[in-house]
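Subject: Structure for your review

Dear colleague,

Please find below the structure that I am handing over to you. My findings follow directly after it.

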Amino acid sequence: MRKNAPLWRRGRYALAGLESAVRGEASFRTELGAAVLGIALLVCTGAPLLWWALFILLMAAILAAELLNTAIETLADRVEPELDPFIGRAKDLGAAAVFILSVAAILLAACLLLAFFQGGAGFAPPF
Ligand SMILES: Nc1ncnc2c1ncn2[C@@H]1O[C@H](COP(=O)(O)OP(=O)(O)OP(=O)(O)O)[C@@H](O)[C@H]1O
């Protein structure tokens, strides 16, 4: 085990974690796909910078929550491979965190479309 590793080495650990999530976690790949759709929506609507900032913050929170959730699941499966109500609860709580952020992302997309069609919140009227 290596404590207080230099910055470049910690960066490598982080990249290894990202690669492992992309390869092994369907949910993480789905969320990356949703991020691409979100970027397409921002580009197509010509969204002002503030919407981009909100999107980046929320998308980063979702992806980070998914990674932490996966870390909890990985540990849980290692500690207790059999069915266990505490493990089940820990996994459900991690999943709930991702779910809440995902609902927020859907609501943000709805707000963006509303603002786009109403010509408010930094958007010029489209028609
Ligand atoms: N060891 C266990 N004991 C009890 N319940 C469990 C256990 N493992 C999984 N579960 C239940 O099954 C659900 C799904 O767990 P699983 O480990 O399959 O996550 P997942 O579907 O792979 O999640 P993700 O898509 O985020 O990777 C958990 O939320 C929990 O309710």
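Predicted model: local features only at pLDDT ≥ 70, side-chain atom pairs only at ≥ 80, totals over all residues.

Leaving aside neighbours within four places in sequence, Glu66 is in contact with Ser27, Phe28, Glu31 and Val98.

Under the name "binding site", UniProt (unreviewed entry) also lists Glu25 and Glu73. These two span 49 residues in sequence, yet their C-alpha atoms are not more than 11.2 Å apart, so they gather at one spot.

Glu25 sits in the loop between helix H1 (7–24) and H2, whereas Glu73 is part of helix H3. Glu25 is partly exposed, because 18 other C-beta atoms lie within 10 Å. Glu73 has 16 other C-beta atoms within 10 Å and is therefore partly exposed. If residues up to four places away in sequence are not counted, Glu73 touches Lys91 and Gly94.

**The ligand**

Which residues come nearest to the ligand? Of the 13 residues around the ligand, they are Ser27, Leu83, Ile87, Gly88 and Lys91. Helix H3 (49–79) and helix H4 (85–118) each supply at least two residues of the shell. Of the contributors, H4 gives the most, with five residues. Sorted by class, the shell around the ligand holds six charged, four polar and three nonpolar residues.

**How H2 and H3 are placed**

Two packed helices are described by the angle between their axes and the distance between the axes. For helix H2 (residues 26–45) and H3, the axes come within 10 Å and cross at roughly 175 degrees. H2 is therefore roughly antiparallel to H3, as an angle over 145 degrees is counted in that way. The residues of this contact divide into nine nonpolar, two polar and two charged.

On the H2 side, the contact is formed by Ser27, Phe28, Glu31, Ala35, Gly38 and Leu42. From H3 come Trp51, Trp52, Phe55, Met59, Ile62, Leu63 and Glu66.

**The annotated transmembrane regions**

Which residues does UniProt annotate as "transmembrane region"? The unreviewed entry gives residues 26–43 and 93–117. Residues 26–43 are 100% helix and 0% strand, with end C-alpha atoms 26 Å apart. Residues 93–117 are likewise 100% helix and 0% strand, and here the end C-alpha atoms are 37 Å apart.

**Ala115**

Finally, I draw your attention to Ala115, a residue of helix H4. Ala115 counts as partly exposed, because 17 C-beta neighbours lie inside 10 Å. Not counting residues up to four places away in sequence, Ala115 touches Gly120, Ala121 and Phe123. Thr45 is 70 residues from Ala115 along the chain, and the C-alpha atoms of the two are separated by 10.0 Å.

Yours sincerely,

A colleague

Note on methods: Residues numbered from 1 in each chain as written. Near = placed C-beta within 6 Å. Helix = DSSP H or I, 4+ residues; strand = E, 2+ residues; numbered from the N terminus. Nonpolar A, V, L, I, M, F, W, Y, C, P; charged D, E, K, R; others polar. Buried ≥ 20, exposed ≤ 12 C-beta atoms within 10 Å, placed from the backbone. Contact = placed C-beta atoms within 7 Å. Axes fitted to C-alpha atoms, helices over the stretch in contact; angles between N-to-C directions. Parallel < 35°, antiparallel > 145°, perpendicular 65-115°, else oblique. UniProt positions renumbered as here; feature names shortened; annotations may be inferred.
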